[in-house]
Amino acid sequence: YRYPPFYDTNPYDIYKRIAVGYYEFPESVSMTGRSMIASLLEQDLSKRLGCLSGGAEDIKSQAWFQGVDWNIVKQKRI
């Protein structure tokens with residue numbers, strides 16, 4: 001069964017997890033995926049992936065997306 005990153009059965013505890021940046025990964029998520037997700041969830045905007053000078057290009061160049069043809073994505077052919 002899959003849960004969102006900040007999952008908890010209590011909505012207030014979900015809020016607390018988000019506020020402190022606590023999340024867990026399922027074992028099935030690769031280290032590459034974990035690294036990218038952690039970078040996207042970085043609380044400090046000056047360090048968050050996608051908020052740096054490279055913007056979306058920093059995200060697209062992540063190892064997780066290796067082999068993705070972004071032109072095909074842009075053309076909505078994938």
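Me: What is the relative accessible area of K16, and how should I read that value?

Reply: K16 has a relative accessible area of 39% and is therefore partly exposed, where buried means under 20% relative accessible area, exposed over 50% and partly exposed in between (1.4 Å probe, protein chains only). This is a predicted model, in which local features need pLDDT of at least 70 and side-chain atom pairs count only at pLDDT 80 or more, while totals for chains, interfaces and linings use all residues. Residues are numbered from 1 along each chain as its sequence is written, and side-chain values use heavy atoms, with hydrogens and water left out.

Me: How many salt bridges are there, and which residue does K16 meet in one?

Reply: Side chains of opposite charge can pair when their charged atoms come close. The rule used here asks for a side-chain nitrogen of Lys or Arg within 4 Å of a carboxyl oxygen of Asp or Glu, and by it the count comes to three salt bridges. K16 meets D13 at 3.2 Å, N to O, and D13 is partly exposed because its relative accessibility is 22%.

Me: Which residue does D8 meet in a salt bridge, and what else does the side chain of D8 reach?

Reply: D8, found in the segment before α1 (11-20), meets R17 in a salt bridge of 3.4 Å, N to O, and D8 counts as buried because its relative accessibility is 17%. A polar atom of the D8 side chain also lies 3.0 Å from the backbone nitrogen of N10. N10 in turn caps the N-terminal end of α1, with a side-chain oxygen 2.8 Å from the backbone nitrogen of Y12. Leaving aside its neighbours within four places in sequence, D8 is in contact (heavy atoms within 4.5 Å) with D13, I14 and R17.

Me: How many aromatic pairs does a search of the whole structure find, and how is such a pair described?

Reply: A pair of aromatic rings is described by the distance of the centres and the angle of the planes. Rings of Phe, Tyr and Trp (its six-membered ring) pair if their centres lie within 6.5 Å, and planes under 30 degrees apart count as stacked, over 60 as edge-to-face and the rest as tilted. A search of the whole structure finds four aromatic pairs, among them F6 and Y23, which are edge-to-face at 5.8 Å centre to centre with 80° between the planes. F6 lies in the segment before α1 and Y23 in the loop between α1 and α2 (31-40), so this pair ties together parts that are 17 residues apart in sequence. Both F6 and Y23 are buried, and ring pairs link F6, Y23 and F25 into a cluster.

Me: Which residue has a positive phi although it is not a glycine?

Reply: K76 does, with a phi of about 60°. K76 lies in the segment after α4 and counts as exposed because its relative accessibility is 75%.

Definitions and conventions
Helix = DSSP H or I, 4+ residues; strand = E, 2+ residues; numbered from the N terminus. Polar contact = N/O pair within 3.5 Å; in protein donor to acceptor, adjacent residues only side chain to side chain.
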